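Trainee: Could you take me through one part of this model closely, namely the sheet and what lies against it?

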Amino acid sequence: MAYLGWDAYPIARMNGDPASDRVRSDMARWGVHLDWANCAPTTHTPIIVQEIRRGRDGRPRHRFSWACPHCGEWLPSFKAVTVSAVEAIKPALAGASVFFLDRLSRATLTLAAEASARGAVVVFEPSGKSNDKLMAEAIALAHVVKYADERLAGVDGVMAEGSATLVEVQTLGEQGLNYRHRLDDSVSDWTRLSAIPAVRLTDTCGSGDWCTAGLIAGAAAGGQGGLRRIGAGGVKSALRYGQALAAWNCGFEGARGGMYAVEPGKFAVQISQMMEGQLEYLVAEPVEVDPAQPIGCPACPPTLAGPRATRNGRSKRAA
């Protein structure tokens with residue numbers, strides 16, 4: 001979102017370990033605000049290793065690992081912000097346009113409810129099955145619910161009477177997406193939007209996140225009131241913009257690889273051309289992976305090397 005020109009404020013528990021230093025440095029590079037990036041009690045920064053391979057058909061495929069490739073120990077996993085941090089964060093929600101969540105906890109839902117009460121659009125992107133009670137609360141709160149069909153066939157309670165949902169999106173990978181809305185006081189029929197073809201297919205990781213970012217940027221800048229004002233046509237345009245971002249992202253390694261290869265000004269031109277079907281190839285500088293950068297596994301001796309550079313059609317990177 002910062003790359004798209006937004007003021008972004010992640011809420012996290014980074015504790016100053018090597019992984020968090022890298023994350024904070026990278027976020028600062030893009031202008032992300034770190035006011036709430038080290039909420040107490042702090043903990044190790046989550047690490048996931050992504051590996052990219054090419055199948056027999058030549059198409060790239062990625063997989064994730066939650067174990068250190070050097071020592072074999074489990075890497076640090078996600079830990080939600082605790083309830084003790086909520087009261088300190090609440091005042092910062094004034095003026096927020098959007099509150100995004102994909103992992104559920106009591107603290108996260110409390111903050112989402114506060115943001116909603118202040119007029120922010122709550123965007124919920126469930127990654128899979130979760131605690132039934134927390135899931136029901138999230139669905140009741142969220143104005144936008146987006147999920148991938150490969151993870152969830154549907155989400156119970158979306159668009160139900162009493163829920164806040166205004167837009168529901170189901171992504172279908174290379175088949176595009178389905179969406180429906182409740183911006184005209186009644187629930188619309190499902191509409192299919194075919195995917196925008198990728199100009200170059202290098203890695204699909206993160207394309208769903210880019211689609212969400214495009215939807216937020218195009219539909220939610222004005223908070224709840226703005227989302228209602230843009231209507232059905234505005235939501236469709238925002239989703240199409242999100243699809244263009246997703247297709248563009250497929251041309252680069254990693255969930256945000258394109259950000260390091262394309263300047264924001266050139267990025268805007270490429271997205272515009274892609275939406276008009278006029279972009280024939282991506283102009284970008286190659287992204288170098290520094291083999292000396294450590295993954296930051298807390299269990300590893302500090303002398304162990306980190307992710308490998310690309311070799312034999314595969315590469316590894318930490319996220």
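Mentor: Two strands are taken to pair if DSSP finds at least two bridges between them. With that in mind, and remembering that this is a predicted model, we can start with β4 (residues 121-124) and β5 (residues 144-148), which run parallel and are joined by 2 bridges; within this pair, Val123 stands opposite Val144 in β5. Strands of a sheet pair through backbone hydrogen bonds, either parallel or antiparallel. The pair belongs to an open sheet of 6 strands, whose order is β3-β4-β5-β6-β7-β8 and whose pairing is mixed. Because β3 (98-101) and β8 (191-193) stand at the edges, each with a single partner strand, one side of each is left without a neighbour in the sheet. On average, and with direction ignored, neighbouring strands of this sheet are turned by 20 degrees against each other.

Turning to what lies against the sheet, helix α6 (residues 223-249) lies across β4, β5, β6 (167-171), β7 (177-181) and β8, and runs at about 165 degrees to β7. Several residues of α5 are buried, that is, under 20% relative accessible area, among them Ser207, Trp210, Cys211, Leu215 and Ile216.

Conventions. Residues numbered from 1 in each chain as written. Predicted model: local features only at pLDDT ≥ 70, side-chain atom pairs only at ≥ 80, totals over all residues. Heavy atoms only, no water. Helix = DSSP H or I, 4+ residues; strand = E, 2+ residues; numbered from the N terminus. Axes fitted to C-alpha atoms, helices over the stretch in contact; angles between N-to-C directions. Contact = heavy atoms within 4.5 Å. Buried < 20%, exposed > 50% of the residue type's maximum accessible area, 1.4 Å probe, protein only.
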